[in-house]
Amino acid sequence: MELRELTHDLVSIPSHEDETAVGDYLEEWLRRETDAVVHRDAVGNVLARRGGPDSTRLDETNASTDDGTDSGRSLALVGHHDVVSPDETQVTDDGEYVLAERDGRLFGRGAADMKGAVAAAAIAFRDCDLETGDGGADGRTGSTGAGDTASPELWFASFVGEEVGGRGARHAIENGFVPDCAMVGEGSTNYSGPDVTDVAVAHRGRRGSTITARGTAAHASEPEAGENAIYRAGEAIDVVRGLEFPSVEVAGQSMHGSVVATEIEGGSGINVIPAVCTITVDERTVPGVRADLEAVTELPGVEWTVDQDLPPMQCADESFARTVLEAADAAQSGSPEPVTKPHATDAGWLAKAGTACVVCGPAEPGEAHTKNESVSMAVLERCLETYRSAAEEWFAFVELD
């Protein structure tokens, strides 16, 4: 089975410290198996395009979905080929990844997050019929409007650095990769129920920040001579605890954010009034709303800095989301639902740039980043069919002059 073999090959290649080897494999596979224009960018992202502008090459200046030509709309199948560091049981003495298959599941670092989905997306990208249908049968359309003269574009993108803040996705976007729509293959299986691969139409983001409280050092025997930074930090913590968690309505359900202090550090000795105390804050963000963490800066001697801000996502195209949901429904016996996802993904960066995204993939809650990480081969087949048929259906509704 081709999907099984490609998944095995990708998962077997270590990519927690250096994604080069697995990127090489993906690039070579795409060049051999597809008629696409394939590009490896400066940070190691693997990009490929079928349809669109008549070009024989892509580079940092034209690996773009908006290059001045009158192409039809663009759709991307998106994943990432980096992984988190493996457990010691997932690596051989020679540094290779350990793979095992039993009960219809492939076990290994990156099987669920997310090389299995990358394999399914690559095959769907190759097999998708870009000439299917004549568009607009039920009034849905992905048309860019009058003036469209070229065929639509189908993209495959596997990014580096997703696990470290979306480094690859941000680089690609900065160089013009902003497709109109994208299916991102992160996990959405078993969200609404067992053995169902759902379609996530929104997910939370993550903002990590640091609150720094400053005071004046003094000897602890004379506390009135100083200004205790720990006490000021305590006042800041009270503000954080009193913040209202943001919430939005998505797909008929409430999507809640959160704000919590997770680390504190301060003081230099038992007999010293501390001059500095820092607090780390983890905030889970939702589309369009943020907690008012900046309120802590109203306290004397308190600063607030943002260390990382992974954006949330909400699909901006209901028609596209419905197309993917219908394809997912046809690909399985269960009844998938539009759901929300608690984790940030590269879909957040794409959505922030203007891409209508959904998340649909084989990983299940609790599978990613574990020492027993695994993926169901049957669900991978389901995802492959979903990606292929959703892309073909979407292109069927792109109206071109």
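Predicted model: local features only at pLDDT ≥ 70, side-chain atom pairs only at ≥ 80, totals over all residues.
1. Confidence. The mean pLDDT of the chain is 91, and 89% of the residues reach 70 or more. The pLDDT falls below 50 over residues 133–149.

2. Secondary structure and burial. Eight helices and 20 strands are found in the chain. The chain has 401 residues, of which 54% count as buried.

3. Contacts and surface. When contacts between residues at least 6 apart in sequence are considered, 79% of them join residues at least 24 apart.

4. Geometry of helix 1 and helix 3. Two packed helices are described by the angle between their axes and the distance between the axes. Helix 1 spans residues 2–12 and helix 3 spans residues 111–127. Their axes come within 9 Å and cross at roughly 135°. The two helices are therefore oblique to each other, since angles over 145 degrees would be needed for roughly antiparallel. The crossing of helix 1 and helix 3 is right-handed.

5. Residues in this contact. Helix 1 contributes Glu2, Leu3, Leu6, Thr7, Leu10 and Val11. The residues from helix 3 are Ala111, Lys115, Gly116, Val118, Ala119, Ala120, Ala122, Ile123 and Arg126.

Definitions and conventions: Residues numbered from 1 in each chain as written. Heavy atoms only, no water. pLDDT = per-residue confidence, 0-100. Contact = heavy atoms within 4.5 Å. Helix = DSSP H or I, 4+ residues; strand = E, 2+ residues; numbered from the N terminus. Buried < 20%, exposed > 50% of the residue type's maximum accessible area, 1.4 Å probe, protein only. Axes fitted to C-alpha atoms, helices over the stretch in contact; angles between N-to-C directions. Parallel < 35°, antiparallel > 145°, perpendicular 65-115°, else oblique. Left-handed = near helix turned anticlockwise from the far one by under 90°.
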